[in-house]
Amino acid sequence: MPTTIRPATAGDVPILSAMEAATFSEPWSEAAVAAHLAGEHHFAAVALTEAGEVAGYLFGLVLSGEAELLRVAVLPAHRHRGIGFHLVDAFLLHLAGQDVRTCFLEVRESNSAAIGLYEEHGFTAVGRRKAYYRKPTEDAIVMRYERK
């Protein structure tokens, strides 16, 4: 369980880039991670363990009254402890504070753990993108959250 969720900073770029490589088959480059953190409409948060280690992160985008959840990653050693749940909570609270009601995301159709996490937060499947992912090739499920 994280003790703290805080905004990601430029100083986090090396660890976030390493986590990208450890988590995703098509990781963002260090430059892409740095650009996201510097973006005006971008949301980036990290979850810290009680020992102060970065255990997970979430990247999102908020623009024109809508949001997109772009990335959620939790290091394997810290999974199944609620870290991803708390990161998504933090993002949805941020959206509520900006009066953003709608958020979209894409998730691998085989990623049942992530789909369950998103469904717990009220996301529902609204579409499919054929062959959206590579390495391996797989469809994406498009999910939407609508704040009531």
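Entry: The model is a predicted one, in which local features need pLDDT of at least 70 and side-chain atom pairs count only at pLDDT 80 or more, while totals for chains, interfaces and linings use all residues. Residues are numbered from 1 along each chain as its sequence is written, and side-chain values use heavy atoms, with hydrogens and water left out. His78 counts as buried because its relative accessible area is 14%, where buried means under 20%, exposed over 50% and partly exposed in between (1.4 Å probe, protein chains only). Leaving aside neighbours within four places in sequence, I find His78 in contact (heavy atoms within 4.5 Å) with Thr49, Glu53, Ala55 and Ile83.

**Entry: His80.** His80 also belongs to the loop between β4 and α3, but this residue is exposed, with a relative accessible area of 82%. I noted its phi near 65 degrees, a positive value in a residue other than glycine.

**Entry: helix α3.** Ile83, which touches His78, is one of the buried residues of α3, the others being Gly84, Leu87, Val88, Phe91, Leu92 and Leu95. I checked the length of α3 too: its 15 residues should span 21 Å at 1.5 Å a residue, and the end C-alpha atoms are 21 Å apart, which agrees; the expected span is 1.5 Å times one less than the number of residues. Asp99, which follows α3, has a positive phi near 55 degrees.

**Entry: nonpolar cores.** Which residues have the most contacts inside the largest nonpolar core? They are Leu69, Val88, Phe91, Tyr118 and Phe123, in a core of 28 residues, a core being a set of buried Ala, Val, Leu, Ile, Met, Phe, Trp, Tyr and Cys residues joined through side-chain atoms within 4.5 Å. The elements giving two or more residues to this core include α3 (83-97), α4 (112-120) and β7 (138-146), and α3 gives the most, with 6 residues. A second, separate core of 13 residues includes Leu16, Met19, Leu48 and Tyr57. For Tyr118, I listed contacts with Leu69, Val72, Val88, Leu105, Val107, Phe123 and Met143, leaving aside neighbours within four places in sequence.

**Entry: His42.** His42 lies in strand β2 and counts as partly exposed because its relative accessibility is 35%. His42 and Leu61 are 19 residues apart in sequence, yet 4.5 Å apart in space, C-alpha to C-alpha.

**Entry: backbone.** Where is Pro136 placed? I find this residue in the loop between β6 and β7, joined to Lys135 by a cis peptide bond with omega about 0 degrees.

Definitions and conventions. Helix = DSSP H or I, 4+ residues; strand = E, 2+ residues; numbered from the N terminus.
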